[in-house]
Amino acid sequence: LNLILDKLRDSGIKITEPRVAILQTLLEEHGPFTAEEIHFKITKKVCDLATIYRSLTHLEKTGFVKRCEFGDGSARYELSHKPDKNHHHH
């Protein structure tokens with residue numbers, strides 16, 4: 001997580017508690033997850049669901065989070081890459 005946060009700082013992106021919670025969830029859990037699932041998985045409720053959506057959109061635009069579409073109408077999100085993982089298929 002610290003490596004990802006350092007990259008965010010180096011990119012000039014503000015580190016917020018919701019962003020840290022989202023990134024930690026995506027790093028520790030096997031995803032991808034919907035915004036609602038991420039919100040549910042964050043044990044310490046640091047923000048509301050709207051903030052989760054805004055944060056995911058921002059992290060996606062900056063390239064740290066990847067949006068996945070499986071044709072079921074729900075967007076799911078995962079880290080663009082994990083330091084210890086290679087490319088994978090869903």
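Q: What share of the chain's residues counts as buried, and what makes a residue buried?
A: Of the 90 residues, 36% count as buried. Buried means under 20% relative accessible area, exposed means over 50%, and partly exposed lies in between, with a 1.4 Å probe and protein chains only. This is a predicted model, in which local features need pLDDT of at least 70, side-chain atom pairs count only at pLDDT 80 or more, and totals for chains, interfaces and linings use all residues. Residues are numbered from 1 along each chain as its sequence is written, and side-chain values use heavy atoms, with hydrogens and water left out.

Q: Which elements does the chain have, and what makes a stretch a helix or a strand?
A: The chain has four helices and two strands, in the order α-α-α-α-β-β from the N terminus. Helices (H or I, at least four residues) and strands (E, at least two) are DSSP runs, numbered from the N terminus.

Q: Why is I4 called buried?
A: The relative accessible area of I4 is 8%, and the cut-off is under 20%, so I4 is buried. I4 lies in helix α1.

Q: What does I4 touch, and what makes a pair a contact?
A: A contact requires heavy atoms within 4.5 Å. Not counting residues up to four places away in sequence, I4 touches L23, L27, F64 and L79. I4 and L23 are 19 residues apart in sequence, with C-alpha atoms 8.2 Å apart.

Q: How do you know that the buried residues of α1 are on the same side?
A: In α1 (residues 2-10) the buried residues are I4, L5 and L8. They cover an arc of only 100 degrees around the axis, and therefore sit on the same side of α1; the arc is that of the directions from the helix axis to the C-beta atoms. An α-helix has 3.6 residues a turn, so residues three or four places apart point the same way. The buried residues of α1 pack against α2, α4 and β2 (75-79). Exposed residues N2 and D10 are on the face turned away from the buried side.

Q: Why is α2 called roughly perpendicular to α4?
A: The axes of α2 (residues 17-28) and α4 (residues 49-61) come within 10 Å and cross at roughly 75 degrees. That makes α2 roughly perpendicular to α4, as the class runs from 65 to 115 degrees, against under 35 for roughly parallel, over 145 for roughly antiparallel and oblique for the rest. Axes are lines fitted to C-alpha atoms, for helices over the stretch in contact, and angles run from 0 to 180 degrees between N-to-C directions.

Q: Which residues form the contact of α2 with α4?
A: P18, R19, I22 and L23 in α2 meet T51, I52, S55, L56, H58 and L59 in α4.

Q: Why is R76 called buried, and where is it?
A: R76 is in strand β2. Its relative accessibility is 18%, so R76 counts as buried.

Q: What makes the pair R76 and D72 a polar contact?
A: The side chains of R76 and D72 make a polar contact at 3.0 Å. The term requires a pair of N or O atoms within 3.5 Å; within protein, one must be able to donate a hydrogen and the other to accept it, and residues adjacent in sequence count only if both atoms are side-chain atoms. The R76 side chain also reaches the backbone oxygen of S74 at 3.3 Å.
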